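Please examine the structure shown below before reading the report.

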Amino acid sequence: MTTTAVATPVVQFVDVQKAFGGNKVLVDVSLDVRPGFTGLIGPNGAGKTTCLNVVSGYLQPDAGDVRLAGQSVLGRAPMEVARMGVSRTFQTPRLIPNLSAVENVMVGGSRHYRHGHLAELLGLPSARRDERVQRERAYALLEELGLDHPDRAANAFPVGSQKIIEVARALLNDPVLLLLDEPAAGLGAEDVDRLVNGLNAWTARNPEAAVMIIEHDLELISRLCPTAAVLHFGRIITSGAPKDVLRDPVVVEAYLGADVAAGD
Amino acid sequence: MSETAQQVAAAKAVPPGDGPSGLAGAGIAANTVPGRTTGGSSTRKGIIAIIVLLALFAVPFVANTYVVFVVSLTLVYAVSTLGFNLLVGWSGQIGLAHAALFAVGAYGSAIGVEYGIPFLLTIPLAGIVAAVLALVIGFPAIRLRGFFLAIATLALGMAIVELLTMARPLTGGGGGMSVNVWSLPGITTAASTYFVVLAVAAIMFFLMRRALLGRFGRTLQAVRDLGQLTGSLGVSALRYRLVAFALSGFIAAVAGTLYGQLQTFIFPAMFQMNLLVPMLVMVFVGGAGSMWGPVVGAAFAIVLIEFFQDLGDQQAIAYGLVLMLAISVLPGGLTSLARRVGDSRFMARLRRREVAE
């Protein structure tokens with residue numbers, strides 16, 4: 001881990017511990033996530049998703065601290081954390097099935113709506129403008145991520161495209177920290193390319209933002225992330241450039257051992 | 001702290017369609033939604049709305065008193081179902097206090113008029129009283145789901161009707177009370193009530209359509225389908241569930257005030273299971289979570305009520321059977337039929353043939 005700060009970390013995990021009953025999922029996680037892409041990899045059950053749940057307010061750690069731009073997120077509800085600029089996606093996409101893709105994306109814009117529901121009810125110009133701007137931004141994001149037919153109902157899309165819609169929904173809030181939980185699982189090669197291009201375009205526009213990616217597709221991690229951290233049995237065992245990390249004998253052992261144990 | 005603030009500010013400062021997203025912005029024009037953002041279609045919808053309103057406005061001039069009464073009742077049920085559907089269909093909460101809140105509207109307005117409040121003013125006032133009551137019911141209820149929510153709200157609803165029965169000096173107890181019917185000068189009472197009902201229905205549907213097809217409706221559906229995960233979108237699921245309760249209660253009572261005017265005599269037994277079950281039928285037959293389902297459901301229920309009139313106590317069973325049938329055979333309600341037909345293979349073949357020719 002670097003001791004000299006290249007850029008201020010967007011999020012810091014400081015000695016985070018979390019146990020479910022007697023099962024210690026996060027033993028001691030310390031990690032600085034800086035602007036740009038950071039991969040979080042590790043075998044199944046290493047605690048990757050638990051890390052995301054701790055940052056996004058869904059779980060409270062037993063010990064340690066998680067700081068977003070220096071400010072602790074502990075004790076805050078997911079909604080408050082989201083309002084601080086943390087967006088996330090889920091392993092299995094969760095969309096409103098009968099709404100169109102673009103309207104699903106628009107649900108993600110809570111930080112940008114300045115009008116209240118009363119203004120909307122009364123059809124005030126500010127509400128109309130807000131709504132129009134959000135719709136245009138939602139279309140633009142879906143376009144950037146390469147999704148065709150943005151007006152089709154969400155449940156008419158294959159799972160891969162639903163994940164893309166979920167990413168666009170997370171981006172609509174202009175997050176300071178974007179958390180992607182296995183974004184490429186279930187995506188075809190073409191979709192992965194679109195996702196990579198879209199995310200690259202977005203980070204180019206938002207150089208201050210950090211993107212944390214949990215992914216089993218290590219090629220995707222190598223393509224996107226200058227650094228990757230490896231989580232194993234609730235500890236960060238190493239972090240660095242993906243190509244170095246993946247050659248690390250400790251990592252290889254962790255992965256192979258786990259893979260054999262998991263049988264896949 | 002200041003770091004976050006700056007980043008937030010920086011993020012907000014990026015206008016849409018600026019910089020690299022400019023190329024994406026170019027794609028927007030090509031992707032315009034037909035039927036949502038295009039001007040032509042919304043004018044067409046506006047024209048249809050005006051024609052329907054004019055046709056409804058003409059009813060008292062061309063139809064007899066009975067028809068006027070039936071259409072009035074349909075509109076009252078449609079407004080009531082608009083509120084019930086908001087709670088059950090859009091926010092996904094099976095709250096069963098709707099008939100009781102409807103009663104609060106009917107009684108609230110009738111009592112208010114007796115105390116010298118102008119009838120038209122009692123419509124929003126009764127709505128506000130019911131909204132507050134719905135908040136009280138909703139506050140514990142929004143933490144419950146499914147079966148438990150249904151039972152809790154059903155019990156609280158029954159308690160409200162019981163309270164109305166007990167408040168004999170105000171409500172006349174189980175024997176009921178007569179309602180002072182408000183009337184416009186120069187026309188028959190039936191026509192006058194009809195115009196009030198029509199005006200209220202038009203306003204309610206106009207406003208709710210705007211809210212439900214906009215951000216409010218989207219967020220409600222997100223709360224329904226995503227539950228607590230909406231937190232990660234910066235949305236408080238509990239708050240929206242509570243607002244849905246309050247708004248639904250408000251609309252129920254507004255419909256209730258009009259119901260009292262139509263019936264001219266109200267008693268507690270009108271607002272029990274024998275009303276709640278048909279109300280559920282209206283929601284599910286029309287289509288839970290659909291915009292115009294309440295109108296279709298109310299019209300269907302009116303016919304049903306006429307059919308089942310002679311069944312007496314067995315009515316509830318008959319409605320229950322209809323409800324079960326509706327949910328199992330047509331879960332999307334009658335309004336989903338149009339879409340289903342449109343999506344069917346038969347229609348696809350027709351379209352292909354048209355293209356070929």
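Predicted model: local features only at pLDDT ≥ 70, side-chain atom pairs only at ≥ 80, totals over all residues.

Residues are numbered from 1 along each chain as its sequence is written, and chains are lettered from A and ligands numbered from 1 in the order in which they are written.

Chain B contains 16 helices and 2 strands; helices (H or I, at least four residues) and strands (E, at least two) are DSSP runs, numbered from the N terminus. Of its 357 residues, 43% count as buried, that is, with 20 or more other C-beta atoms within 10 Å of their own, C-beta atoms being placed from the backbone.

Two packed helices are described by the angle between their axes and the distance between the axes. The table lists one such pair.

| Helix | Residues | Residues in the contact |
|---|---|---|
| H5(B) | 98-114 | Ala99(B), Ala100(B), Ala103(B), Val104(B), Tyr107(B) |
| H7(B) | 146-166 | Gly157(B), Ile160(B), Val161(B), Leu164(B) |

Contact here requires C-beta atoms, placed from the backbone, to lie within 7 Å. By class, the contact of H5(B) with H7(B) has 8 nonpolar, 1 polar and no charged residues; Ala, Val, Leu, Ile, Met, Phe, Trp, Tyr, Cys and Pro count as nonpolar, Asp, Glu, Lys and Arg as charged, and the others, Gly among them, as polar.

The axes of H5(B) and H7(B) lie 8 Å apart at an angle of about 30°; axes are lines fitted to C-alpha atoms, for helices over the stretch in contact, and angles run from 0 to 180 degrees between N-to-C directions. The two helices are therefore roughly parallel, a term for angles under 35 degrees.

In helix H13(B), the buried residues include Gly293(B), Pro294(B) and Phe300(B).

Methods: Parallel < 35°, antiparallel > 145°, perpendicular 65-115°, else oblique. Contact = placed C-beta atoms within 7 Å. Buried ≥ 20, exposed ≤ 12 C-beta atoms within 10 Å, placed from the backbone.
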